[in-house]
Amino acid sequence: MRILDVINKTTPYFEKQGIESPRLTIELLLAHLLQKKRLQLYLEFERELDEKTLAALREMVKRRVAGEPLQYITGETEFCGLRFLVDKRVLIPRPETELLVEVVIKQLGALGQRALPTTIVDVGTGSGCIAIALAKKLTNTGGDARATVYALDVSKDALEVARGNATLHQVEKIVRFLESDLLEKLPSGSPVDVIVSNPPYIADGELAELPKEVRDFEPVRALAAGEDGLKVIRRLVMDARRTLSPSGFLALEIGAGQRSAVEDFLGQQGYEVVEVAKDLQGHERVVVARPM
């Protein structure tokens with residue numbers, strides 16, 4: 001069977017099964033399996049696929065139809081223009097979380113700290129995407145790091161994935177990984193300039209409403225956060241005060257509709273909200289606050 005035949009046959013099958021972007025999905029699966037860029041497939045439409053390749057593809061198609069996310073099937077995803085390895089041990093990085101990285105970089109620039117040594121703590125690092133993207137962006141072209149980045153996670157399995165990604169991007173000497181419940185194991189001493197986090201923020205009662213791909217495959221610990229979805233955020237906000245420098249800031253990703261509650265709690269804990277950034281869907285997604 002030719003590549004074009006596989007695409008033409010699988011696309012309507014995926015569509016019938018309710019798979020989003022059916023043609024793109026089969027093209028990405030094929031590209032991964034054949035170790036090609038997706039656009040290269042268009043130059044090889046007439047290529048015949050052997051039975052071994054077709055058998056492997058059928059297994060991947062079966063997994064996708066069962067609801068398994070494409071990123072777990074291929075074992076990789078893109079974030080901030082970088083390739084990250086992912087599997088069921090970590091949450092799949094979302095495009096909206098790139099906004100969190102962009103906001104941190106912008107805030108550092110406004111403080112004049114982009115050229116200065118900076119200490120950043122990424123809480124709940126998961127795949128390491130935020131910590132690693134920041135480390136890459138804050139490294140000079142000559143390879144000199146302008147930041148020390150701590151990447152914390154309570155999951156030993158997640159840290160294993162994150163360390164692999166740090167090695168992949170050659171920032172393993174810049175990013176320091178710690179198994180820690182929030183900031184618990186962060187070394188005391190020097191104040192931290194930035195605490196950044198994409199914490200769990202889904203209310204427990206909303207888990208059942210999530211898409212099957214998320215609900216049944218991604219780690220629940222990285223998603224759910226109590227009755228109102230703010231349990232982890234509240235703990236982190238309170239914990240951050242003992243660590244954050246007076247001129248530092250806290251940058252949090254939040255769920256749609258959570259701004260008011262998060263902003264109120266930050267005010268109660270002695271923070272001033274200095275920026276709220278919207279994602280491409282218009283949701284208030286990132287909150288930046290400084291100690292008052």
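A: Helices, as the word is used here, are DSSP runs of H or I with at least four residues, numbered from the N terminus. The model is a predicted one, and in it R64 lies in helix α3, which covers residues 51–65.

Q: Why is R64 called buried?

A: Buried means a relative accessible area under 20%; R64 has 8% relative accessibility and therefore counts as buried. Leaving aside neighbours within four places in sequence, R64 is in contact with F14, I19, T25, P69, L70, I73 and E213, where contact requires heavy atoms within 4.5 Å. The C-alpha atoms of R64 and E15, 49 residues apart along the chain, are separated by 12 Å.

Q: What makes E102 partly exposed?

A: The term applies between the limits for the other two classes, under 20% for buried and over 50% for exposed, and E102, with a relative accessible area of 47%, is therefore partly exposed. E102 is found in helix α5, residues 98–111, and its C-alpha atom is separated by 8.9 Å from that of L134, which is 32 residues away along the chain.

Q: Which residues does L134 touch, not counting those up to four places away in sequence?

A: With that exclusion, L134 touches V101, V104, I105, I120 and V196. L134 is also one of the residues that touch the most other members of the largest nonpolar core, a set of 36 residues, together with V104, I120, I130, V175 and V196. Apart from this core lies another, of 33 residues, which includes L186, L236, L244 and I254. As a general matter, nonpolar side chains in soluble globular proteins tend to be buried together.

Q: Is Q35 buried or exposed, and how do you know?

A: Exposed is the term for a relative accessible area over 50%, and Q35, at 74%, is therefore exposed. Q35 has its place in the loop between α2 (22–34) and α3, and its phi is near 55°, a positive value in a residue other than glycine.

Q: What makes L182 count as buried?

A: The limit for buried is under 20%, and L182 counts as buried because its relative accessibility is 10%. L182 lies in the loop between β5 (175–179) and β6 (192–197), and its phi is near 50°, again a positive value in a residue other than glycine.

Q: How do you know whether the radius of gyration of the protein chain agrees or disagrees with that of a compact globule?

A: A compact globule of 292 residues would have a radius of gyration near 19 Å, and the protein chain has 21 Å, so the value agrees with that expectation. Along its principal axes the C-alpha trace spans about 65 × 50 × 35 Å, and the protein chain has ten helices and nine strands.

Q: What can be said of burial, contacts and charge over the protein chain?

A: Of the 292 residues, 51% count as buried, and residues 24 or more positions apart account for 67% of the contacts with a separation of 6 or more. The accessible surface comes to about 14,400 Å², of which 49% belongs to carbon and sulfur atoms. There are 39 positive and 43 negative side chains, and the centres of the two sets lie 3 Å apart.

Definitions and conventions:
Residues are numbered from 1 along each chain as its sequence is written. This is a predicted model: local features need pLDDT of at least 70, side-chain atom pairs count only at pLDDT 80 or more; totals for chains, interfaces and linings use all residues. Side-chain values use heavy atoms; hydrogens and water are left out. Helices (H or I, at least four residues) and strands (E, at least two) are DSSP runs, numbered from the N terminus. The radius of gyration is taken over C-alpha atoms; the globule rule is 2.2 Å times the number of residues to the power 0.38. Buried means under 20% relative accessible area, exposed over 50%, partly exposed in between (1.4 Å probe, protein chains only). Accessible areas come from the Shrake-Rupley method with a 1.4 Å probe; for residues, only the protein chains shown count as cover. Lys and Arg count as positive and Asp and Glu as negative; His and the chain ends are not counted. The place of a charge is taken as NZ of Lys, CZ of Arg, CG of Asp or CD of Glu. A nonpolar core is a set of buried Ala, Val, Leu, Ile, Met, Phe, Trp, Tyr and Cys residues joined through side-chain atoms within 4.5 Å.
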